[in-house]
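The exercises below are to be worked with the sequence and the coordinates at hand. Try each task before reading its solution.

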Amino acid sequence: MAVLDVQEVVRQQEITHVPLAPGVVRGLINLRGNIVSTIDMRRLLKMPPLDDESQSINVITRVAGALVSLLVDHIGDVIEAPDDRFEPVPSTLGSEVKHIITRVCKLPGNLLMILNPERIVEFDRVNLPVPIELHKDRAA
Amino acid sequence: MAIKEELQKQLIDELVVESLEGLDAFDHEILVLETGEQTADTWNNAFRIIHTIKGSSGCVGFGKVESVAHVGESLLAVLRDGSLTPDSNTFSSLLRYSDALREMMRSIGQDGVEGSADHSQLVSDIQALHSGLTGAKHGNPAFGFFDEEPKAPEALSDTPMDAPTAAPLAATTADKEDTNASHPAGSQAPKGSISDSAIRVDVSQIDRLMNLVGELVLARNQIVQSTGQDADPAHVAAVQRVNLITSELQQSVMKTRMQPIGNVWSKFPRIIRDLCHELGKDVALVMEGNETELDRTIIEAIKDPMTHIIRNSIDHGIEHPEQRVADGKPAQGRLSLRAFHEGGQVNIEISDDGHGIDVGRVLQKAIQRGVVTQEQAARMSQREMLALVFLPGVSTADEVTNVSGRGVGMDVVRTNIEKIGGNVDLHSEQGKGTTIRIKIPLTLAIIPALVVTCGDDRYAIPAASLVELVRIEGDQVDKSVEHIHDAPVYRLRGNLLPLVHLAKELELTALRHEEEAMFLVVLQAEGRQFGLVVDGINDTEEIVVKPLGKEMKGLSVYAGATIMGDGKVALILDVLGLARRAMLLDEGSRQSAKDRDGIKAPDADNETRSLLVARVGANRIAIPVSCIARLEEIPAGKIEHAGKLEVIQYRGRIMTVVRLASVLGIPDGASPAESADSERLLALVVCALETSNLGVIVDAIEDIVEERIQIEIREGQRGILGSAVVQQRVTDLLDIKELARMAA
């Protein structure tokens with residue numbers, strides 16, 4: 001994700017469950033008086049849930065004026081990559097992943113997917129509710 | 001460069017705002033002129049408004065506005081001088097002319113350009129009016145057009161309007177307020193002094209302030225909750241101060257968002273005039289309570305429903321003048337708007353003296369549309385039949401006009417008003433007229449709500465839709481909850497109340513334990529009552545409504561979310577959405593039964609009154625439920641003294657309490673020993689007055705009844721309105737306002 005898209009990073013918060021909400025929405029958290037929806041990235045990417053979520057991190061990002069929290073396993077590093085390292089998303093990627101990724105960054109040793117937060121909150125355009133299946137994510 | 005553009009933008013924004021305001025005032029002046037009730041200054045004012053618009057828009061380089069404005073200005077100049085006598089055609093042209101200017105101003109406000117609309121027809125119309133009637137004076141209209149230019153300021157110089165009109169030409173638009181303010185002209189003086197002490201504040205700024213206060217209220221709730229009894233006294237005192245200041249701040253900020261309802265109403269004379277012209281009717285508008293204040297957001301929200309109701313009244317409420325004369329009524333119809341505060345809510349009444357609603361036709365339409373069956377119709381009361389007009393597809397108009405009558409109207413009106421937590425009631429007498437009463441809350445940003453538990457989470461229910469709470473003991477549950485098909489119902493004072501299980505609607509898996517008591521929250525939506533079954537009822541709390549993210553916009557069962565005292569997030573239930581969802585799920589056989597139930601809801605009947613019956617000594621005292629905020633029990637020791645008054649600390653404020661027994665000179669039932677006991681619990685009825693609460697101590701609260709009562713007015717006893725027979729027993733009716741005056 002582009003660093004400038006990230007407002008802040010907070011530890012696991014107490015989440016209020018929202019019945020009837022789409023499956024990827026974990027619930028609401030209280031971020032200093034602001035109510036922020038939390039999206040479970042594992043569910044969005046159709047990955048199996050973690051057994052121990054105590055280390056999970058909320059990445060707070062601002063999308064179209066509203067705050068959204070992305071619940072991730074952990075955060076890696078902040079890196080700077082030159083423009084020529086980026087490539088468009090390969091068309092063979094699974095549809096559930098492809099629409100939320102803008103570009104792929106080639107790093108020495110591995111590849112990095114660049115998320116597009118604007119597309120993440122548009123999850124309802126893709127087939128919903130997301131069934132929590134245990135199938136392997138191709139890009140993982 | 002950028003700064004210059006910024007400045008230009010700012011100038012244009014101000015120009016648009018001021019011009020639109022000016023045009024509204026202009027419409028008003030023209031309407032006054034048309035009725036012939038003008039003062040010497042009316043033409044002057046109209047002229048000055050247009051002159052300012054012309055000058056300012058010329059300044060910023062909007063040539064089109066300037067040239068259109070100029071034409072009207074010329075016409076106004078001769079009208080003002082009295083050398084031209086206006087007829088109704090003149091007034092219509094002037095109003096169209098103001099519309100044209102308004103349209104251009106809006107377009108400037110939105111896109112920064114004057115828009116492509118062609119106003120040449122209008123311009124030539126106005127020139128024709130000008131030249132046609134003053135032809136002898138000016139000859140060639142085109143020539144007169146230019147001839148007028150130097151004349152306008154000249155004519156002005158000998159009127160007291162000189163300063164404000166000439167100044168904008170020389171100075172920038174921003175100066176308009178100031179020049180107005182400093183203006184010494186007699187009739188303008190009060191207006192001037194207001195703008196002297198007032199500043200223009202961006203609405204978003206106030207909204208932000210409101211949000212911050214909202215957060216402060218939440219933080220305050222958290223602090224108050226975490227400060228226990230045994231904390232350091234200094235700390236407790238500080239917390240109490242914070243508590244008080246926050247409440248006061250909240251009220252003051254809320255006040256800044258308040259606007260008089262007249263702001264919306266000022267648009268109506270124009271709408272009514274246009275409609276009357278279109279339909280060939282003659283209607284006088286009477287407005288009362290213009291100054292009644294409401295939250296900005298609510299004012300916005302009621303604009304459309306009110307416009308709709310007014311159009312309805314004029315289109316098929318009030319008859320044509322000939323018809324009215326034939327019916328023995330004055331030729332001119334009367335439409336009155338009335339607004340007033342009552343019990344923490346704002347009431348708006350719109351009534352006309354037209355021919356009323358033909359109940360038979362409503363019923364016929366409803367049967368035609370399959371909304372009700374013949375048998376149901378036969379059993380309906382007058383009032384129930386009237387309530388049918390709020391259902392979709394029922395219209396009483398014989399023919400569809402372009403004004404109204406398509407049968408999509410009153411249901412939308414009701415939905416819109418219920419969306420903001422209000423309700424609509426309709427009363428009509430055939431041949432005499434129709435009255436529509438709207439009740440709406442004062443504000444939406446911070447609302448009182450009931451907090452309930454369901455599953456592991458808490459939910460907030462806006463108190464506006466709350467009717468009452470019922471607790472059914474565990475062993476009673478099976479007996480008192482019956483089933484029609486699969487639908488659970490509960491007999492509430494003899495009426496069947498459909499039950500909705502919150503856990504089921506929210507698809508929560510956690511099930512209630514059978515042996516525990518069952519909690520029912522009786523709610524009202526769209527004129528229907530239903531009982532919401534929850535796991536527990538916590539407390540009422542003032543909550544700050546926060547919108548949900550767009551990821552959850554599709555969920556109609558939630559009105560938003562809020563942060564509770566402990567910092568956790570709770571969802572706010574949307575009673576309307578919840579009801580819809582519940583009805584939707586069990587559509588079919590029960591639908592019609594429910595409809596009937598709904599129409600029979602007691603509140604649909606206006607003649608009956610809800611009364612709280614209390615006992616004082618041997619007397620029965622009734623208090624209208626509409627003015628009661630809460631019922632409390634307080635230990636006698638909590639009563640403190642402030643001067644001669646007895647007061648208690650209530651929800652962070654000081655509330656005066658009166659002992660009804662001593663005020664009314666009735667010996668109360670308590671023995672001296674009991675009276676001395678500071679632990680003794682007193683029944684306290686908290687009554688909502690306009691600005692504060694008043695606590696009324698009674699011996700016991702007996703019941704809440706809904707009855708058709710007839711009050712026998714009784715003079716002599718202060719604080720008592722009169723007596724009536726309630727539940728077959730003579731009961732005195734309390735006059736809260738008088739009581740408050742006696743206590744003060």
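**Exercise 1.** In this predicted model, find what share of the contacts in chain A with a separation of 6 or more comes from residues 24 or more positions apart. Then describe the chain's secondary structure and burial.

Solution. Contacts between residues 24 or more positions apart make up 52% of those with a separation of 6 or more in chain A. Next, list the elements: chain A contains eight strands and three helices. Their order along the sequence is β-β-β-α-β-β-β-α-β-β-α. Finally, take burial: 24% of the 140 residues of chain A count as buried.

**Exercise 2.** Check the length of helix 13 of chain B against its number of residues.

Solution. Helix 13 of chain B covers residues 268–279, which is 12 residues. At 1.5 Å a residue, the expected span is 1.5 Å times one less than the number of residues, so helix 13 of chain B should span 16 Å. The C-alpha atoms at its ends are 16 Å apart, in agreement. After helix 13 of chain B comes B:G280, with a positive phi near 70°.

**Exercise 3.** Work out the strand order of the five-stranded open sheet in chain B, and state which helices pack on it.

Solution. The order is 2-4-5-7-6, with mixed pairing. Strand 2 (283–288) and strand 6 (423–429) of chain B are the edges, each pairing on one side only. Neighbouring strands are turned by 15° on average, direction ignored. Strands 6 and 7 of chain B are antiparallel, joined by seven bridges; B:L426 has B:I436 in strand 7 as its bridge partner. Helix 13 of chain B touches strands 2 and 4, at about 165° to the direction of strand 2. Helix 14 (residues 296–316) of chain B touches strands 2, 4, 5 and 7, at about 15° to the direction of strand 5.

Key
Residues numbered from 1 in each chain as written. Chains lettered and ligands numbered in written order. Predicted model: local features only at pLDDT ≥ 70, side-chain atom pairs only at ≥ 80, totals over all residues. Helix = DSSP H or I, 4+ residues; strand = E, 2+ residues; numbered from the N terminus. Pairing = 2+ DSSP bridges. Axes fitted to C-alpha atoms, helices over the stretch in contact; angles between N-to-C directions. Contact = placed C-beta atoms within 7 Å. Buried ≥ 20, exposed ≤ 12 C-beta atoms within 10 Å, placed from the backbone.
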